[in-house]
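Work through the exercises below with the sequence and coordinates at hand. Each task is followed by a solution in steps.

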Amino acid sequence: MLTSLVLLPVAAAIVVMLIPGRRKEIHLPLSIALSVMPLALAGYLFWVFEPAAGFQYVDRVPWYEPWGIDWYLGVDGISLPMIVLTTLLVPIALAASTTITNRTKEFVIYTLLLEAGMIGAFLALDLFLFFVFFEAMLIPMYFIIGIWGTERRVYAAVKFFIYTAFGSALMLAAIIGLALTYASQEGSASFALSDLAGLDLAVGTERIFFAAFAIAFAIKVPLFPFHTWLPDAHVEAPTAGSVLLAAVLLKLGTYGLLRFNLALFPDASVDAIPIMAILAVIGIIYGAVVAIVQPDLKKLVAYSSVSHLGFIVLGTFALTSGGLQGAVIQNVNHGLTTGALFLLVGMIYDRRHTKKISDFGGLQKTVPLLAGFFLFMTFASIGLPGLNGFVGEFLVLIGSYPALPSLTVIAAFGVVLAAIYLLWAYERVFTGVPDKEENSVLSDLSGREIALLVPIAVLIVVIGLYPKLLLDKITPSTEAVLDNIVEQTDFTIPEPGRIGDVFVAGGE
Amino acid sequence: MITPPEISWIAIAPDLAMAIGAALVLLVDVQWKPAPRVLGWVVGATLAVAAGLTVVQWAGAADALAAGDTGSLVAFSGLITMDGFAIFSRFVLIAATGLGLTAGWRFVASLGRRGAEAIALVLLATTGFSLMVASNNLVMLFLGLEVGSIALYVLAGLARERRESEEAAIKYFLLGSFASAVFVYGVALIYAGTGQFGILGIRQLLAGFVISSPAVIYIGIGLVVAGLGFKVSAAPFHTWAPDVYQGAPAGLVGYLAAVAKVAGFAAIARILLTAFSDLADTWLPVVAGISVLSMVLGSVLALVQGDVRRLLAYSGVAHAGFIMTGVVGGATDGILFYLAIYAIQLVGAFAVVAVVSGPDGAGSSLEQYRGLGRRSPLLAGAFTILLLGMGGLPVTSGFVAKFGVFTDAWARGYEWLVIVAVIASVVAFAFYIRVIVVMYMDDAGEEEPLRVGPERWVLALAVGATILWGIFPSSLLDLAADALPI
């Protein structure tokens, strides 16, 4: 089943490829229709997924036996939400791309291949396979930014590519090192995560490998100080590119830290808590402060990502139940809200062809629906109780407090700052009287655009009001991560950090 | 009375077939003055026969290995072997020749009466290199090297109407002969130190005895590596490559570069890994140094090139460094796989260059590739895949190849070399990406799509191989793993 989940988008891409280039009008609708299939499959997967630790629906086929490489896919509570998020956002991103009239066919193909790469990376349980997906998806994204982006697109695309490729090069070296250590200790080759996680590594080696993985993922997240590619890439990318970049690609960084760093290098992870947490908190505050002063709406949302992803990293490295649950939930939340915010910014841009905040004002009057959705997403992003952002940030903060009290207090200011930059931006763009003539003649959201936003909005409310739906599936897997760390190191989870200590998640 | 060595026809059958084919091409041309198409059939048949005979050798080698009888794989008193290593390399050479000639066919046809010359020279060059990869003796190896190299010097100058082509030929010839001389001197010093020319003889001697004054041998190894390093354009012996790649006829550069690299690395691997495996502690640091220098110089200098052929030349220097990491790793399968993959990609990439530059191959500046993605989408797509394959992006065979040699080097204890190599790979991406940027992200004026001739077959095969062996590498990897030197 998981294999078909990876291959469905590839098949869809091939179908689109076979349609002649002159039939421009059917490429986009066809691809949207085709990309609903992976979504349906992912939805089914979510439905049948049993909340339990360990990987389910495992597909394992030897790929090249002498090297111990397997086609090894599996899903657990950490990757499951990401799969659903990915498959949900691809059709939405495609449907939001009607403004792309130039080389639609290629655009659609790249997007579908990107989807396959993202799904594959979230499902891969073999490090070689993971690396293949992790690296291979760079190319479609590179083209999406570089061909369909705005003025400085080539610069942004190359910067994006080189940053990420550099990070993953170090990770490749570490993967080789890990696999060879395994081969010398066990006498057989393997790249499987489960095999490599049990390795005995010397302290120094483990730290170096940890650093190599952590840098690769930190660039992807992006964690301060590796974030400088992100604003460029986001601002220049077309709407669909920004949505997928923010909602899914960045999550590979946080997902990788959680899935690979914590599992492969428990000792080094425990030792690195202060460094990672401090970088995360710097990112939270720095991203927020820089976002406040951005004159460009898209850049503002981009920097808000830096801030929000800091929370995820903080939660991950707090190593408590709440922190990890919060990190996974927040992965989803950020994908939904920031994805939606980028969609909205794209919609504004389509109408006004500018993203400068100072060019707007009083849009509420002319485009009330758009303003309403923007305000709603803003609230979700700030973490208004009842919406999804609250659940995630609350879990992260409550989970981090026992472990890192002072940093958590500082991070909490990030929530306040988020309210400042987003609400202030809302105020400048949407409230007041439309004093510029162009702003008073805009058309409000079309039915298609509403159809794109409604599913996201519904999920935001559902997660906000009934997080048990997700938490039930997530918790066994995050608890397993913690159990593994407790087992492998002499680290004790700070009280009250485990479930049952302070509050009962999932409503038991 | 001197007893002549026993003649083992099968050991040299493929080479003989190609030499006869070369003569046949010339004879047919003189006698009937046929259309180039006819010569094409002759050369195609020759290569097919050579490949078929190589398959026969392969079967024999497999049987002999199964019987534990490696002695029967050596012929002509130990001058020539039929081991898997030689056979695999020869396959690669024949494939590169077939693809290379197809890619350069429009150039060959445009030469008119001189076309037969070009074909014969190509066949002779392949014959020489094919003998070189099969030789089990340093003198024999030198003979093969010279036969191949001299043919290549002439090929580089075939487009003699253009000054760059002449310059390329002269430069290649002068520097190449110098390198050959260095190689011979190295062989002489090795003989002085060991009293042996035979690869196996040297290995047995070094395994059995402690050499009291090994300095002569060390210098000999150094000179041999330098001479062969020239042929594979490893830094610091690479200075000829950019000019030759730029000046030589566009259609044939891919062939010229690919066969020289395959044969050169096969020889390096055989000499260092078989004959001098016991002195590895001495030559490993030197080879690792050459590897680092090649990777760094090649990648960095490629970044600043404004000409696609020079860019590919410097990328070739970087690739020489990557393959050297495989030599450091000491596993022949990684090297052979890399060589096979890279040879195909190189010929494919130069097929694109040949299309863009036109048959006589005037310019190849990056400007000519501007907007190629719009002008000729398929051509640009093929070039993109080949460039990404050379860059070593996962899902392409280039990644598997790189992964293989890096893993070997790491296992040998050269972790730092692997780290340099992965960083160099990223820099390499940067310049491949530059070409892709120019092709796709800049708009071209309204230009006619380029006319693609027989190059299309080369491109289809090269792209297919790049992707298929990237996803299912085991078919070729298994063959490479079986192709061990004796």
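A salt bridge is counted here when a side-chain nitrogen of Lys or Arg is within 4 Å of a carboxyl oxygen of Asp or Glu. The structure is a predicted model.

**Exercise 1. Decide whether Asp70(A) and Arg60(A) form a salt bridge, and state where each partner sits.**

Step 1. The closest N and O atoms of Asp70(A) and Arg60(A) are 2.8 Å apart. The cut-off is 4 Å, so the pair counts as a salt bridge.

Step 2. Arg60(A), at 41%, counts as partly exposed.

**Exercise 2. Describe the salt bridge between Asp29(B) and Arg113(B), then the one between Lys171(B) and Glu167(B).**

Step 1. In the pair Asp29(B) and Arg113(B), the closest N and O atoms are 3.1 Å apart. The partners are 84 residues apart: Asp29(B) is in helix 1 (residues 9-32) of chain B, and Arg113(B) is in the loop between helix 4 (105-110) and helix 5 (115-134) of chain B.

Step 2. Asp29(B) is buried because its relative accessibility is 10%, whereas Arg113(B), with 43%, is partly exposed.

Step 3. For Lys171(B) and Glu167(B), the N to O distance is 3.7 Å. Both residues lie in helix 7 (residues 163-194) of chain B; they are 4 residues apart, so about one helical turn separates them.

Step 4. Lys171(B) is partly exposed at 29% relative accessible area, and Glu167(B) is partly exposed at 41%.

Step 5. Elsewhere, Arg152(A), Lys159(A), Asp232(A) and Glu236(A) are joined into one network by salt bridges that share partners. Over all chains the count is 19 salt bridges.

**Exercise 3. Characterise the interface between chain A and chain B: how many residues are in contact, and how many salt bridges cross it?**

Step 1. Contact involves 32 residues of chain A and 34 residues of chain B.

Step 2. About 3000 Å² is buried between the two chains, and carbon and sulfur atoms give 81% of that area. On the chain A side, the residues that lose the most area to chain B are Tyr64(A), Trp67(A) and Ile176(A), which together make up 18% of what that side buries.

Step 3. Between chain A and chain B there are 0 salt bridges. The polar contacts number 3 residue pairs, both residues being at pLDDT 80 or more.

Step 4. Elements giving two or more residues to the chain A side are strand 1 (56-64), helix 5 (127-136), helix 6 (138-148) and helix 7 (153-186) of chain A. Helix 7 of chain A gives the most, with 13 residues.

**Exercise 4. Find the backbone exceptions: which peptide bonds are cis, and which residues have a positive phi?**

Step 1. The reference case is that most residues other than glycine have a negative phi and most peptide bonds are trans.

Step 2. The bond joining Val221(A) and Pro222(A) is cis, with omega about -5 degrees. Pro222(A) is in the loop between helix 9 (203-220) and helix 10 (229-236) of chain A.

Step 3. The bond from Ala235(B) to Pro236(B) is also cis, with omega near 0 degrees. Pro236(B) is in the loop between helix 9 (215-231) and helix 10 (240-247) of chain B.

Step 4. Tyr57(A), in strand 1 of chain A, has a positive phi of about 50 degrees. At 33% relative accessibility, Tyr57(A) counts as partly exposed.

Step 5. His353(A) has a positive phi near 55 degrees and is in the loop between helix 14 (321-352) and helix 15 (363-366) of chain A. With 58% relative accessibility, His353(A) counts as exposed.

**Exercise 5. Is Val391(A) buried or exposed, and which residues does Val391(A) touch?**

Step 1. Val391(A) is placed in helix 17 (residues 388-400) of chain A.

Step 2. The relative accessibility of Val391(A) is 9%, so Val391(A) counts as buried.

Step 3. Leaving out residues up to four places away in sequence, Val391(A) touches Ile329(A), Ile463(A), Gly464(A) and Pro467(A).

Notes. Residues numbered from 1 in each chain as written. Chains lettered and ligands numbered in written order. Predicted model: local features only at pLDDT ≥ 70, side-chain atom pairs only at ≥ 80, totals over all residues. Heavy atoms only, no water. Buried < 20%, exposed > 50% of the residue type's maximum accessible area, 1.4 Å probe, protein only. Contact = heavy atoms within 4.5 Å. Buried area = accessible area lost by both parts, 1.4 Å probe. Polar contact = N/O pair within 3.5 Å; in protein donor to acceptor, adjacent residues only side chain to side chain.
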